[in-house]
Amino acid sequence: MRILVVEDDKALQHSLDASLRSAGFEPRCTDQGAEALRLEQTEDFDAAILDIGLPDIDGFEILAALRRRGSTTPILMLTARDALGDRVAGLDLGADDYLVKPFAPVELIARLRAIVRRRQGQAAGSVIIGSLVCDWQAGRAQVGDRELALRPREWAALKVLASRVGQVVDRDMLAAEVFTQDEAPSLNALEIHVGRLRRKLQPDGPAITNIRGRGYRLDP
């Protein structure tokens, strides 16, 4: 998963970069709020870690600007201030979670994964993508009047692709979601499962496009 890190403390930024990489994330770091706004609009991120105290733009202003323009990127706020008012303000502006410095890297990683899962809608709701209707709670998917008989790994792939419709999902990220932690993610096996899912969606459902060298995209 690609994570935007907005932190002006260089020592902490380097620490976050190392911790995220060791946990399997791909961080993109900046210490400028203006640059963060540009990156979030031009690149795809699964989540963002946003410090409140930045040199150019206040973290609250960045958060508000992102939400005003319709960004749904999950955002974990960082602050050195343990004031209830600050935490409430951030959550009211659309932050997904809050972490007060200093913190343990393992807690940050756990909170990051939690907000990504919540925003992906893995626990509730349904989604409609063209003729495809997915009911996550009931574990059912259908194209028009045709119900899809999906195997567990095909279902897992569909949930990830549907959560980022129109966006390229990295192959390694998709493999990590499709296979369990006890299994070694195989990109060749992933291609087989995605191929089966693609055929089951055809001819009247959304198309899965293979972006060579990058990953897959579910097109409405």
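Reader: Why is Leu66 called buried?

Author: Leu66 has a relative accessible area of 6%, and buried means under 20%, with exposed over 50% and partly exposed in between (1.4 Å probe, protein chains only). So Leu66 counts as buried. A quick note: this is a predicted model, where local features need pLDDT of at least 70, side-chain atom pairs count only at pLDDT 80 or more, and totals for chains, interfaces and linings use all residues. Residues are numbered from 1 along each chain as its sequence is written, and side-chain values use heavy atoms, leaving out hydrogens and water.

Reader: Which residues is Leu66 in contact with, leaving aside its neighbours within four places in sequence?

Author: Those are Leu37, Glu40, Ser71 and Ile75, where contact means heavy atoms within 4.5 Å. Leu66 itself sits in helix H3 (residues 59-68); helices (H or I, at least four residues) and strands (E, at least two) are DSSP runs, numbered from the N terminus.

Reader: What makes H6 and H8 roughly perpendicular?

Author: The axes of H6 (residues 152-163) and H8 (residues 187-201) cross at roughly 75° and come within 9 Å. Axes here are lines fitted to C-alpha atoms, for helices over the stretch in contact, with angles running from 0 to 180 degrees between N-to-C directions. Angles of 65 to 115 degrees count as roughly perpendicular, under 35 as roughly parallel, over 145 as roughly antiparallel and the rest as oblique. H6 and H8 are therefore roughly perpendicular to each other.

Reader: Which residues of H6 and H8 make the contact?

Author: On H6, Arg153, Glu154, Ala157, Leu158 and Leu161; on H8, His193, Arg196, Leu197 and Lys200.
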